[in-house]
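I am opening a notebook on a structure that is new to me. The entries below record what I looked up, in the order I looked.

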Amino acid sequence: MGIQNTESPEMANRIKSTVQDLGQVTIELVKATGSCQMSSNDSFVLRDVSDSARNVGERCANVLSSLNAIARGTHALENAANTVSGILGDLDTTIMFATAGTLNADADDEVFADHRENILKTAKALVEDTKTLVAGAASSKNSWLWQQ
């Protein structure tokens, strides 16, 4: 099972617990079904089968909920990584053109010095945003999944 790949011990325990619960209620369903075969006209036995089947459905929903929480977290991290990767690609391209001296200004009378301050502000904001993203990911790992 993918439980070893889960970084959050709380999430790993939640998955383990929900799967074990599902196993237990499935055992109860099998036992109730066996009893039903022996006394198919007993309303109490039929009710046990019905209750057991409902419990299996509820536990399946719990397992799916746990797995969906992991998927949402993984998807959010993939989106963040793709966004940062796109920004880095744009910066690399700009640096390459600037280094080669072929970075063209929007207007003929513009010079690099006119834009240096804006570039510096944007670079600082990018660094701060990246630090915040990394710090948030490192400190909370998957704990935010529980809040969704």
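**Entry: the start of helix 2**

Which residue caps the N-terminal end of helix 2? I find that D42 does, with a side-chain oxygen 3.0 Å from the backbone nitrogen of F44. A polar contact here is a pair of N or O atoms within 3.5 Å; within protein, one must be able to donate a hydrogen and the other to accept it, and residues adjacent in sequence count only if both atoms are side-chain atoms.

**Entry: ground rules**

I note that this is a predicted model, in which local features need pLDDT of at least 70, side-chain atom pairs count only at pLDDT 80 or more, and totals for chains, interfaces and linings use all residues. Residues are numbered from 1 along each chain as its sequence is written, and side-chain values use heavy atoms, with hydrogens and water left out.

**Entry: the whole protein**

I count 3 helices and 0 strands, in the order α-α-α from the N terminus on. Helices (H or I, at least four residues) and strands (E, at least two) are DSSP runs, numbered from the N terminus.

Of the 148 residues in the protein, 14% are buried. Buried means under 20% relative accessible area, exposed means over 50%, and partly exposed lies in between (1.4 Å probe, protein chains only). The accessible surface is about 10,900 Å², and carbon and sulfur atoms hold 57% of that; the areas come from the Shrake-Rupley method with a 1.4 Å probe, and for residues only the protein chains shown count as cover.

I also looked at contacts (heavy atoms within 4.5 Å). Among those between residues at least 6 apart in sequence, 67% join residues at least 24 apart.

**Entry: the length and packing of helix 2**

Helix 2 covers residues 43-100, which is 58 residues. From its first C-alpha to its last I read 85 Å, close to the 86 Å expected at 1.5 Å a residue. The expected span is 1.5 Å times one less than the number of residues.

Which residues of helix 2 are buried? I list V45, S52, V56, V63, S66, A69 and G73. The buried residues of helix 2 pack against helix 1, residues 9-38.

**Entry: salt bridges**

How many salt bridges does a search of the whole structure find? The search returns 2, taking a salt bridge as a side-chain nitrogen of Lys or Arg within 4 Å of a carboxyl oxygen of Asp or Glu.

One joins R54 and D51, with the closest N and O atoms 3.1 Å apart. Both residues lie in helix 2, 3 residues apart, about one turn of the helix. An α-helix has 3.6 residues a turn, so residues three or four places apart point the same way. R54 is partly exposed at 44% relative accessibility, and D51 is partly exposed at 28%.

In another, the side chains of R59 and E58 meet at 3.7 Å, N to O. E58 is partly exposed at 41%.

**Entry: R59**

R59 sits in helix 2 and is partly exposed, with a relative accessible area of 22%. Leaving aside neighbours within four places in sequence, I find R59 in contact with D21, L22 and V25. R59 and Q24 are 35 residues apart in sequence and 9.6 Å apart in space, C-alpha to C-alpha.

**Entry: cysteines**

I searched the whole structure for disulfides (cysteine sulfur atoms within 2.5 Å) and found 0. C36 is buried, at 17% relative accessible area, whereas C60 is partly exposed, at 32%.
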